[in-house]
Amino acid sequence: MTALELDPAVVDVARAARRVVVFSGAGMSAESGVPTFRDAQTGLWERFDPTELATPEAWDRDSALVWAWYQWRTGLVRRVAPHAGHRAVAEWADRTRMTVVTQNVDDLHERAGSPTHTVAHLHGSLFAPRCRDCGAPFPSDGGVDVEPTGPLSPPECSSCRGQVRPGVVWFGESLPDDAWTRATAAAEDCDLMVVVGTSAMVYPAAGLPLRAARTGAAIVEINPEATGLSEHVHHTWRTTAAVGLPALVAAIGAAQ
Ligand code: BV8
């Protein structure tokens with residue numbers, strides 16, 4: 001069922017839901033000003049596809065180029081703000097058991113008020129660099145404010161003098177056990193999963209909505225475009241995260 005307006009059936013399902021998962025992708029942060037993976041790259045990285053840069057091979061080939069990319073992205077996220085959709089998800093948690101499972105490496109859900117322990121970062125965080133050799137966390141400096149015009153050398157670990165790397169999951173790397181365990185448990189336990197702003201093309205994350213559907217959850221997709229998931233969900237709503245989520249949460253509240 002594809003709708004351009006909020007479908008009353010979606011409000012009924014959401015109002016009745018007691019265990020909700022919001023599964024978010026890059027589109028969740030787009031209206032905050034964070035480019036999605038589908039958006040074209042700019043500057044130094046214009047000639048690269050993000051899926052080429054977000055790999056251990058790219059890091060081994062040119063860690064300073066990749067580190068500059070992450071420093072630029074970190075600074076950009078630090079300078080933007082969560083939008084009404086992020087805040088609606090945080091407010092919804094006041095009414096029901098909420099788990100946010102995000103593919104995003106930004107901290108916008110948390111900055112909008114979603115408690116850290118309720119957010120599972122499947123692909124890590126821009127704000128959690130770590131030593132590639134000993135794994136020690138390295139304090140994020142918040143990235144850079146001016147788009148780098150050249151490579152930036154990654155810092156040295158203060159514990160073992162190894163090379164510090166971004167705290168994200170690259171293609172070909174396994175997901176963090178804790179986040180994946182929490183995400184799969186929440187997907188299998190929820191009675192509603194709202195899938196927001198993802199093209200659902202990156203696995204194993206993209207398998208979570210069908211995993212939730214198999215255990216009886218209703219699946220609602222919020223995305224201005226169709227995705228490979230659209231034909232498999234109960235409701236797909238052609239709207240954006242910053243418009244749809246506040247409208248849905250307000251409708252639930254009004255309905256109670
Ligand atoms: C794994 C962090 C097991 C980094 C990311 C070969 C070897 C190993 C694995 C593979 C392999 N070949 C394939 C795989 C599997 C691979 C994979 O899925 N590849 C894809 C390309 C096919 N997966 C992995 O490698 C994963 N690990 O499998 O481990 C393993 C381990 C070792 C050996 C074998 C197996 C790890 C994947 C994690 C990669 N890291 N991010 C960084 O950020 O730099 S993924 C990154 O891309 C994001 O986190 C996100 O997950 C993904 C982008 O997807 P979306 O979030 O959906 O964003 P996108 O831009 O695509 O779409 C935006 C959507 O929003 C659109 O639909 C648009 O319409 C919508 N939208 C736009 N505006 C709005 C909106 N919606 C709402 N409102 C709006 N305003």
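**Group meeting: the ligand site and its surroundings**

I'll start at the ligand, where a polar side-chain atom of histidine 123 lies 2.9 Å from one of the ligand's oxygen atoms. Threonine 198 has a side-chain N or O atom 2.7 Å from a ligand oxygen. For glutamate 225, the distance from a polar side-chain atom to an oxygen of the ligand is 3.5 Å. Taken alone, the ligand exposes 1,500 Å², and the protein buries 74% of that; accessible areas here come from the Shrake-Rupley method with a 1.4 Å probe, and for residues only the protein chains shown count as cover.

Two remarks on the source. This is a predicted model, in which local features need pLDDT of at least 70 and side-chain atom pairs count only at pLDDT 80 or more, while totals for chains, interfaces and linings use all residues. Residues are numbered from 1 along each chain as its sequence is written, and side-chain values use heavy atoms, with hydrogens and water left out.

Now the shell. The ligand is surrounded by 37 residues, meaning residues with a heavy atom within 4 Å of it. Arg38, Tyr70, Gln103, Gly172 and Ser199 are the closest.

Which elements give two or more residues to this shell? They are α2 (27–30) and α4 (56–79), where helices are DSSP runs of H or I with at least four residues and strands are runs of E with at least two, numbered from the N terminus. The largest share, 3 residues, comes from α4.

Helix α4 has a kink of about 120° centred on aspartate 62, the bend being the angle between axes fitted to the seven residues ending there and the seven starting there. Of the 24 residues in α4, 17 are buried, that is, under 20% relative accessible area, with exposed being over 50% and partly exposed in between (1.4 Å probe, protein chains only).

Back to Gln103. Glutamine 103 sits in the loop between β3 (97–102) and α6 (108–111), and is buried at 12% relative accessible area. Its side chain makes a polar contact of 2.8 Å with that of threonine 198; such a contact is a pair of N or O atoms within 3.5 Å, and within protein one must be able to donate a hydrogen and the other to accept it, with residues adjacent in sequence counting only if both atoms are side-chain atoms.

Last, the backbone. Most residues other than glycine have a negative phi, and most peptide bonds are trans. Alanine 200, in the loop between β7 and α8, has a positive phi near 55°. The peptide bond from tyrosine 203 to proline 204 is cis.
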